[in-house]
Amino acid sequence: MILLKPEWVNHDDKPIFSVDIHPDCNKFVTGGLGGGDGSGLVRIWNIHPVLTVEAEADPSIPKLLCAMDTHLACVNSVRFSKNGMYLASGSDDKLVIIYHLAKGSSSGNFVCLHLRGHAGDVLDLAWSPTDRWLASCSVDNTIIVWDAQNFPTIVKVLKGHSGLVKGVAWDPVGKYIASQSDDRSAKIWKTSDWTCMHTVTDPFEECGGTTHILRLSWSPDGQYLVSAHSMNTGGPTAQIIEREGWKTEKDFVGHRKAVTCVRFHKDILKKQRDKSSKSQMYCALALGSRDHSLSVWMTCLKRPLFVVHQLFNDSVLDIAWGPNKYCLIACGGDGTVACFIFQEKDLGVPLSEEDKNAFYERSYGKSACVESGSSGRDMIVENAEILDAVKEKVQLPSLSGKPSQPEIVPNNHCEPSVNLFTQPAPPPVITSAEKCQLDNRLTKTTAPSAPIKSVSVLNSISSAIVEKPAKPVSGPAKLNVTTTSKDGMNSNTKWKYEYPLGNLSRIWGWCRNEKIWEVYSGAHVVNFTLCLKYALICCQDGTIRISDIKTGSNILPIMCMATSAIQCTFCPLGKLAGVISECGQIRIWNIDELKIYLTSSCSEIFSKSGQVVQFQITENGVPFILFSNGNAYSYSMDMQCWMQLYAKDAIFRQGFRSVIPKDFQRNMRQHPLMTVQSTTNNFLGNVSAGMDSNVNNWQDSAKLTFIENQIKLCEQINSPEELKYWYLMLGHHLAASGGEKKIRELLDYLLGSAHGFKKKTIKDDIMGVSKHYLLDSILDVLKKYPKWQRIYMEYFEQYKL
């Protein structure tokens, strides 16, 4: 083992709080303080001048590759993604910044993305095993899980700690994420539903908040979680938390002050046993402490491999192992780094990928996690312990663990659309010996006795006929069909769907006994939607096909989402197609232009709203989602958030009861907002609003709140016809029960620049609707109320100037 301390790796005498080595082992990154103004600094270094004297002495080999001062405050954590394409940094400025690293590029300009979500300093970061998610923890007592495939989407905010969260780590087999906090606890969270599974407190009861960070780490075999600062009979230790039962019976002892950081080597290692033909498997880890020392341990040894005292003049703050080389880099609060170079005889030989996969299958019933970019699908984390029945090739449930069973509320478009919703295939056949290895969400079932017969859907002007087998026993359990009017479609066209063999699916159409086209899929079809120009086919494996309805040819290449689609639809004229997946991803494509129109996540509304029962898109690409609990939402691309269109509270109920006309005719083209809301209101039936409707002192204010919110919703979803209606309703409401102040505010706003005191930069229209047109409509209402005649004359005279 060789110890080096390259003096040229520094932050100009400022502390270095974090270090990480790139997966290709050609560079490493440091993060800490920058200039004298207290800003943060991230520097990327060439690792070769550190490892060899020749490279260090060669002036043609650069040492510093890049320096970034994007953060406004100290950088506390830097982490490369597992695939090496991204670098994440977390700082005291409450930001997480993602830097995109181009393949083959060691320096240059970086594309930066700012992730905002924390209310305090970000102290630690961790990428999930396949870079599907990024976790960040903060002094705001939370952990945020970010969707790394759809930044800046937040998958979940984990709340439960009552103190500063100073460390976070992922289980290498993807089932858990662990965190450690100043509240004297470490928590293990399940990635299947993001709930806290277990809290460890005993080893931390005597600990004080004396460390800047608490970087814990999970062993690459998944068997052990090793925490930072813990205590045993008054002495500082690093606690070993066993995966089996979360026992805390062992720890690493020897450091004189609190352990600040723990880092396992990413590989499971092996060595030949003395006088034995069998090799011994184990893991290596390093501990850094406030006593300025670093120790390296093997899980097969009772004592440390070595300890280096007074490695720095301050606390050890972070540790990084070289993934493909025998090296270890540590950084200290004194602004320096230290590099350890090992030989194979020191650490051992890493297990091959085949051996590692075999170990994971023996221990957890699954192979090692695959890179999310290698197959187009992410096959980790959600169901990490499910045994994949490879021989049967059964598609297992995904993240939620529940089959999608959408209830159908009839659409009221005037455009053609047919949706086929199915349930996933039955659970795989599980033997008694295998049952103990399964996730508790998977149940034992018997094998199917016969294949399912074909299901035929016939489109006609007046009805849809569904032929179902008497006793379906494989494939989707049932098909639910919704129909709308078929203006423009050939009433003689029929469509049929069947499973000729196993997971193989076939959809074909015919007209007057002549086949038009057919499409085969390697997985069960869960959604099949038609419009005048295209067919949208969604399969259980997450694949999506958009085909020409006349020829069956693919309009776009076969696309893939993380989980299967639970709803899909076209906009009224078929220019846009949209899909919602089981895990909450939403995608809308512009088919005519062959590009994405909207990509986002609705996971934040999934958790509290139940199942999706209806999904619609306007011609402007605005999505509308209706849930089984009656809530309805739409997405604002400008605000990057979901807007609530309906909920079961008294404000919405009072608004609908008193404002929406009873004879309203639904029309998604002209009145998308009220069409969705009226569908929701009917869906809810006579649900109690939870408030006494005889209490009159709140109703006028509730009605005004509702109308003003409707106006803002119309602006966001770009619905000018409805905007006119709601401004007119606002005029009627204010004229009947409003005050003079409110009326003047509205009229001043609509009068705009003609009134003299408004700036010319204020727009004179709203979505193409002239403000003076709206003003004229409201003045026509006011003049019918004698008490407002004075105001009417005042504004009418100014309006006519």
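Predicted model: local features only at pLDDT ≥ 70, side-chain atom pairs only at ≥ 80, totals over all residues.

Colleague: How far should the 19 residues of helix H10 span?
Modeller: Counting 1.5 Å a residue, H10 (residues 699-717) should span 27 Å, and its end C-alpha atoms are 27 Å apart, which agrees.

Colleague: Which residues in H10 are buried?
Modeller: Among them are Leu704, Phe706, Ile707, Ile711 and Leu713, but also Gln699, Lys703 and Gln710.

Colleague: And how do I read a core?
Modeller: In soluble globular proteins, nonpolar side chains tend to be buried together. Here the largest nonpolar core has 48 residues, and those touching the most other members include Ile707, Trp726, Tyr727 and Leu730. Domain 2 (522-645) and domain 3 (647-683 + 698-800) both contribute residues, so this core lies between them. Beyond its neighbours within four places in sequence, Ile707 is in contact with Val659, Trp726, Met729, Leu730 and His733. Another core, of 23 residues, lies apart from the 48-residue one; Ile319, Trp321, Phe340 and Leu347 are among its members.

Colleague: Now the glycine: is Gly322 buried or exposed?
Modeller: Gly322 counts as buried, because its relative accessibility is 0%. You will find Gly322 in the loop between strands E28 (316-321) and E29 (327-332).

Colleague: What does Gly322 touch, leaving out residues up to four places away in sequence?
Modeller: Its contacts are Ile21, Cys25, His265 and Cys327. Cys25 is 297 residues from Gly322 along the chain, yet their C-alpha atoms are separated by 6.0 Å.

Note on methods:
Residues numbered from 1 in each chain as written. Heavy atoms only, no water. Helix = DSSP H or I, 4+ residues; strand = E, 2+ residues; numbered from the N terminus. Expected span 1.5 Å × (residues − 1). Buried < 20%, exposed > 50% of the residue type's maximum accessible area, 1.4 Å probe, protein only. Core = buried A, V, L, I, M, F, W, Y, C linked by side-chain atoms within 4.5 Å. Domains from an automatic or database assignment. Contact = heavy atoms within 4.5 Å.
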